[in-house]
Amino acid sequence: MLFRSTNVEKPMNNANETAAVELEPFIPMDKKDIIRAAIYGAFAGAILTVLYILVGRVASAVMCRGDNDLCQNAPLYVAIFSVTLVSIGGLILLSQARIYRPLFIVIASIAALWGLQSYLALLPWYWAMAAMTVIGALTYAMFTWLARLRSFILYLVVSIVLIVAARLIIAG
């Protein structure tokens, strides 16, 4: 034989070696990763508020010239535009930070917080920005922490439960 394998598998002798081979239920993640995701979520929340307010003023001036249907739907269009831009930015930031499952973190955050901007727009801009900054940080941190679950199905189920709970709180 010209090539002989030197890596011979040895039988496992104790429970520690067996446990080391089994997969842990969580992906290892540092506290720094969750803090970094929270900072990105705070940044996304602040930018979302600024975009919603600024684009909302421009859109109401442009869309409310004569057609009431466009004027009534202006906040929806502004929310879609603002959330799309901020979500792309959040996805890029989370991906560059090598956060596990960044797309699902962003999608879950969008689904959980959709429509919150319209409620926060009733507040003065500085309170709306402060609230959305804190809520964005908590949401990104929560879904980043949940993304550690190795089982994607379990992650999806838990995320859906939390999204439904958030939707009920916002609607209620």
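The views below show a predicted model.

Figure 1. The lining consists of Thr 49, Tyr 52, Ile 53, Gln 117, Leu 120, Ala 121, Ala 128 and Met 132. At least two of the lining residues come from each of α2, α5 (116–120) and α6, and α2 makes the greatest contribution, with 3 residues. Sorted by class, the lining holds 6 nonpolar and 2 polar residues, with no charged residue.

**Figure 2. The largest cavity, with a volume of about 170 Å³.** Sixteen residues line this cavity, and those closest to its centre are Leu 48, Ser 109, Ile 110, Leu 113 and Tyr 140. Two or more lining residues are supplied by each of α2, α3, α4 and α6. The lining contains 10 nonpolar and 6 polar residues, and charged residues are absent from it. A search of the whole structure finds 2 cavities of 30 Å³ or more.

**Figure 3. The largest pocket, which holds about 220 Å³ of space.** Of the 14 residues in its lining, Tyr 52, Ile 53, Gly 56, Arg 57 and Ala 121 lie nearest the centre of the pocket. The elements giving two or more residues to this lining are α2 (31–63) and α3 (68–96), with the largest share, 6 residues, coming from α2. The class division is 11 nonpolar, 2 polar and 1 charged. Tyr 52, Ile 53 and Ala 121, which are among the residues nearest the centre of this pocket, are also found in the lining of the second largest cavity.

**Figure 4. The second largest pocket, which holds about 160 Å³ of space.** Its lining is formed by Ala 112, Leu 113, Thr 139, Met 142, Phe 143, Leu 162, Ala 165, Ala 166, Ile 169 and Ile 170. The elements that contribute two or more of these residues are α4 (102–113), α6 (125–146) and α7 (152–171), and α7 gives the most, with 5 residues. The lining comprises 9 nonpolar residues and 1 polar residue, with no charged residue among them. Leu 113, one of the residues that line this pocket, is also among those closest to the centre of the largest cavity.

Conventions:
Residues numbered from 1 in each chain as written. Predicted model: local features only at pLDDT ≥ 70, side-chain atom pairs only at ≥ 80, totals over all residues. Heavy atoms only, no water. 1 Å grid on protein atoms, 1.4 Å probe; cavity = no way out; pocket = protein on both sides within 12 Å on 5 of 7 lines; lining within 4 Å. Points joined across faces, edges and corners; volume = space filled by probe spheres on them. Helix = DSSP H or I, 4+ residues; strand = E, 2+ residues; numbered from the N terminus. Nonpolar A, V, L, I, M, F, W, Y, C, P; charged D, E, K, R; others polar.
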